[in-house]
Amino acid sequence: MIQFRHFVRSTILGTVASAAFGASALAETTFIVAVPSDPGQFNPAITTGAHVHAVADSIFNGLVALDENLEPIPDLATSWTVSDDGTTYTFTLAEAAWHDGAPFTSEDVKFTFEEVLFQHHARTKSGLSGVVSSIETPDPRTVVFRLSSPHPALLRRFDVTEAPILPKHLYEGAGDPTEAAQNASPVGTGPYRFVSHAPGDRVVLEKNSDYFKGDTTDVDKVVFRIIQDAETALLAFERGEVDYIPRIGGQNIVRAEDAGQVLTATAGPGGGNCIMTVSFNLESELLQPADVRRAIALGIDRERLNDQVLFGRGNVAEAPFSSAIGWAHAAGSLSSLGHDPASASAALDAAGLEPGADGIRAEIDMVHFPTFSKYAELMAQDLAKVGIRLTSRPLDRPAAIDAIFKARDFDTNLISYCNGVDPEIGIKRMYVSNNIGPIPFSNASAYRNEKVDALFAAAGSTADQGERARAYGEIQTILAEDLPYFWLVETVRITAASDGFTGYRPWTGHYLETIQIVE
Amino acid sequence: MLRVTLLRCAQAVVMLWAVATALFFLLEAVPGGPVVALTGEFADADTVARIETRLGLDRPLGERYGRFLGLLASGDVGHSYTYGRPALNVVWAHLPATLILAVPAILLAALLGLPLGIRAVRPGRTSGLIVAAALVAFAMPIFWLGHMLRLSPGVGQIFPVQGMTDARAFHEGAAFALDVAHHAILPCLTLVLHQMAYTVLITRRAMKAQMTRPYVQTGFAKGASRRRVEWRHALPNGAPPIIALFGNRIGWFLSGAILVEVVFAWPGLGQLTVAAIQNRDTPLVVGIVLVGCLFTMLGNLLADLTQMSSDVRLRNEAGAA
């Protein structure tokens with residue numbers, strides 16, 4: 001019924017609009033994306049911020065793209081070979097042109113990695129700058145990466161979100177790339193070229209008619225509208241004012257489905273394969289005994305979190321590593337941590353935390369972003385039943401990061417840790433002892449285990465996937481025993497998309513590269 | 001009047017300095033910094049340090065305050081961290097969108113609120129209804145009022161729910177102006193309803209106090225019509241609080257109306273303010289607050305001048321001072 005009304009309304013309005021403004025305005029296909037914040041600048045190589053990548057990735061390319069299973073497929077590199085020892089990667093490059101007409105060459109790749117990505121892109125800098133020992137450009141169509149040791153995650157780190165390629169001819173000699181004037185009017189090789197930016201209002205891109213991959217899309221113009229309020233974005237989607245919302249809350253799935261289609265993906269621009277994770281502050285006396293942490297974990301009903309917060313679209317975490325990285329995921333390592341309030345109470349009794357006259361054994365707080373309040377509320381209800389009073393402390397993003405990683409002022413906190421497409425990218429940082437504060441999203445629990453450190457070091461420097469999987473399996477067994485964190489649910493990115501188009505790729509920064517009008 | 005204007009300008013300089021200083025130290029006390037918004041996740045210590053050096057955040061507090069004052073003295077507040085260009089330019093660029101909502105809203109609220117407020121003093125059921133409606137509209141949180149308006153049958157279905165223009169059409173000239181007007185109606189109506197309710201309540205109170213005064217009785221006694229007594233005799237005497245209300249609210253409309261702009265994703269100062277605070281974009285926050293402050297003072301000055309020109313007593317006092 002709603003769809004019918006929508007149809008009638010859009011037909012009537014469409015007719016009126018074409019009568020009023022003439023057919024010329026409608027001959028072009030414009031696609032509207034609602035984004036919650038202004039990117040500010042459009043250089044995706046100097047930041048991992050999702051607000052920049054959600055817009056700028058469409059203007060650029062990486063050496064590789066990622067398919068639906070997050071496996072590398074050609075992008076600017078049409079093919080590649082890897083030496084047997086896993087330390088030399090040779091890429092053959094596509095005949096592509098920058099949006100200003102200049103040819104794309106291997107020099108652009110070398111320049112971007114050495115001068116920009118290894119200096120400013122937080123993830124690529126920390127993950128690869130120590131691994132890549134040299135980048136050679138034997139000819140304009142070939143680029144060779146030599147590594148100091150095998151790095152099996154390399155290809156997955158070369159997509160447009162992790163390693164977008166910039167034009168050397170515009171950035172060389174332009175000073176600090178984080179301040180370059182180019183960042184405001186980007187020139188890329190990507191499927192769309194930059195047209196204009198009205199701060200606080202919109203960013204307009206147009207189809208790159210000379211795209212080196214050919215005619216991949218029916219869309220002539222993409223408009224990113226900045227709509228801070230999620231309810232407004234959804235209402236605009238329902239009324240047909242917006243075609244795509246990259247991220248909606250689980251409670252809005254039904255409304256989005258009525259007005260269009262709902263896409264889910266575990267990855268997306270700015271990070272993916274995220275697990276909603278409770279960190280225990282291991283410097284807090286109360287939480288130091290592993291038995292207490294285990295009891296708290298047993299007291300939390302993770303099924304209910306998935307049902308009531310994610311509306312069943314996520315998964316209860318079965319292991320510390322995301323199931324989306326299948327080969328490294330040790331399924332079942334958390335199977336002994338199902339919801340069991342009776343055992344939780346017994347364990348707390350045994351740990352000497354007897355309930356007081358008011359039934360309360362202990363009080364702990366939980367620092368989190370305001371968007372995660374629903375999780376905290378449900379966990380507070382669960383833990384009240386085993387005598388633990390959990391106080392939710394919602395803080396806005398910068399303040400929460402400050403409280404957790406700088407001031408370390410929390411008992412527990414709740415963070416969506418995005419695992420990325422390889423354990424080297426987004427998992428290792430949570431557990432290794434040389435990554436404890438003050439860096440945002442580092443080892444929040446302050447977990448120190450020499451064996452885990454050694455296993456991560458070993459797994460990160462061998463090319464053999466079987467060997468890596470064994471090391472990661474061992475790590476997950478230790479983690480499930482030590483419980484420095486508790487892994488709640490694997491979340492998914494839920495996207496609302498117009499059903500007038502098809503070919504969306506919501507798992508990548510190039511989510512608009514191949515959209516076509518549904519005939 | 002010239003004297004008052006000059007005096008006020010001198011006061012304004014002191015006021016701006018005081019507000020800027022208070023703001024500088026308040027923002028200093030707020031936890032969290034701008035780095036995460038700039039680098040995204042995963043920044044290492046080296047990257048964080050480099051950005052802090054670039055933005056001058058690693059300098060001692062005293063030195064930063066000194067630099068801040070130096071900039072301020074030259075009429076600047078520094079570069080926005082988010083946009084990488086002068087923060088005041090960003091603020092000015094957002095001002096027209098806010099004015100498109102604020103100016104018609106203020107005018108309409110005055111035009112409609114004043115007669116209704118005066119009407120509400122007369123005895124009878126209509127007055128009760130006006131007051132009740134004004135109380136409801138005034139008590140309603142403004143973001144909720146806006147949201148309810150666009151969900152309502154009728155107006156809510158005819159007008160777009162967000163934005164300043166139709167993002168699908170790239171209109172120019174007259175079609176563009178029409179498009180903006182079409183989009184402005186709901187947010188403007190929200191602001192009008194809120195400010196009108198305020199105006200009705202203040203006007204009614206001011207007028208009620210006047211209507212019991214002996215000179216009003218005299219007016220009636222000499223045979224003047226009720227309308228004439230209200231508008232010609234009572235209103236000028238009751239005007240000061242009404243004028244002051246509008247003077248005060250100019251600042252609210254400009255830096256404020258924040259929630260209305262956020263609800264309707266209107267690309268003005270309101271959305272900018274929220275984003276600037278979330279990103280800890282200190283120069284931008286300072287710029288927005290100072291511009292809002294400037295307009296508030298300007299509004300108050302205008303209100304005072306209006307009152308002086310409508311009230312001989314005030315003019316004489318000022319002249320004698």
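Chain B averages 89, and 97% of its residues score at least 70. What you have open is a predicted model, in which local features need pLDDT of at least 70, side-chain atom pairs count only at pLDDT 80 or more, and totals for chains, interfaces and linings use all residues. Residues are numbered from 1 along each chain as its sequence is written, while chains are lettered from A and ligands numbered from 1 in the order in which they are written. For the complex, the predictor reports an ipTM of 0.89 and a pTM of 0.88.

**Stop 1: chain B as a whole**

Switch to cartoon. Chain B has 15 helices and zero strands; helices (H or I, at least four residues) and strands (E, at least two) are DSSP runs, numbered from the N terminus. The C-alpha trace of chain B spans about 85 × 55 × 40 Å along its principal axes. Of the 321 residues in chain B, 41% are buried. Buried here is a count: 20 or more other C-beta atoms within 10 Å of the residue's own, with 12 or fewer for exposed, partly exposed in between, and C-beta atoms placed from the backbone.

Now for contacts, meaning two residues whose C-beta atoms, placed from the backbone, lie within 7 Å. Take the contacts in chain B with a separation of 6 or more: 72% of them join residues 24 or more positions apart.

**Stop 2: where B touches A**

Show both chains. The contact takes 41 residues from chain B and 47 residues from chain A. On the side of chain B, select helix 2 (35-39), helix 3 (45-54), helix 5 (87-119), helix 12 (258-263) and helix 13 (269-278), the elements that give two or more residues. Which helix of chain B gives the most to that side? Helix 13 does, with five residues. By class, that side has 25 nonpolar, twelve polar and four charged residues. Ala, Val, Leu, Ile, Met, Phe, Trp, Tyr, Cys and Pro count as nonpolar, Asp, Glu, Lys and Arg as charged, and the others, Gly among them, as polar.

**Stop 3: helix 13 of chain B and its partner**

Stay on helix 13 of chain B. Seven of its ten residues are buried, so this helix is mostly covered. Pick out Leu269(B), Gly270(B), Gln271(B), Leu272(B), Thr273(B), Ala275(B) and Ala276(B) to see them. After the helix comes Arg280(B), with a positive phi near 55 degrees.

Two packed helices are described by the angle between their axes and the distance between the axes. The axes of helix 5 and helix 13 of chain B come within 8 Å and cross at roughly 135 degrees; axes are lines fitted to C-alpha atoms, for helices over the stretch in contact, and angles run from 0 to 180 degrees between N-to-C directions. That makes helix 5 of chain B oblique to helix 13 of chain B, given that under 35 degrees is roughly parallel, over 145 roughly antiparallel, 65 to 115 roughly perpendicular and the rest oblique.

Show side chains for Val91(B), His94(B), Leu95(B) and Thr98(B) in helix 5, which meet Leu269(B), Gly270(B) and Leu272(B) in helix 13. This contact has four nonpolar, three polar and no charged residues.

**Stop 4: the nonpolar core**

The largest nonpolar core has 230 residues. A core of this kind is a set of buried Ala, Val, Leu, Ile, Met, Phe, Trp, Tyr and Cys residues joined through C-beta atoms within 7 Å. Select Leu63(A), Val222(A), Phe237(A), Ile245(A) and Ile288(B), which have the most contacts inside the core. Helix 9 (residues 173-211) of chain B gives the most to this core, with 15 residues.

Zoom in on Leu63(A). Not counting residues up to four places away in sequence, Leu63(A) touches Asp75(A), Leu76(A), Ala77(A), Phe91(A), Val109(A), Phe158(A), Ala163(A) and Ile165(A).

**Stop 5**

Leu70(A) sits in the loop between strand 2 (64-66) and strand 3 (72-74) of chain A. Its phi is positive, near 65 degrees, in a residue other than glycine. Leu70(A) is buried, with 21 other C-beta atoms within 10 Å.

Finish at residues 1-25 of chain A, where pLDDT stays under 50 and the model has ten contacts beyond four places in sequence. Where pLDDT is low, the predicted coordinates should not be read in detail.

Key. pLDDT is the predictor's confidence in each residue, from 0 to 100.
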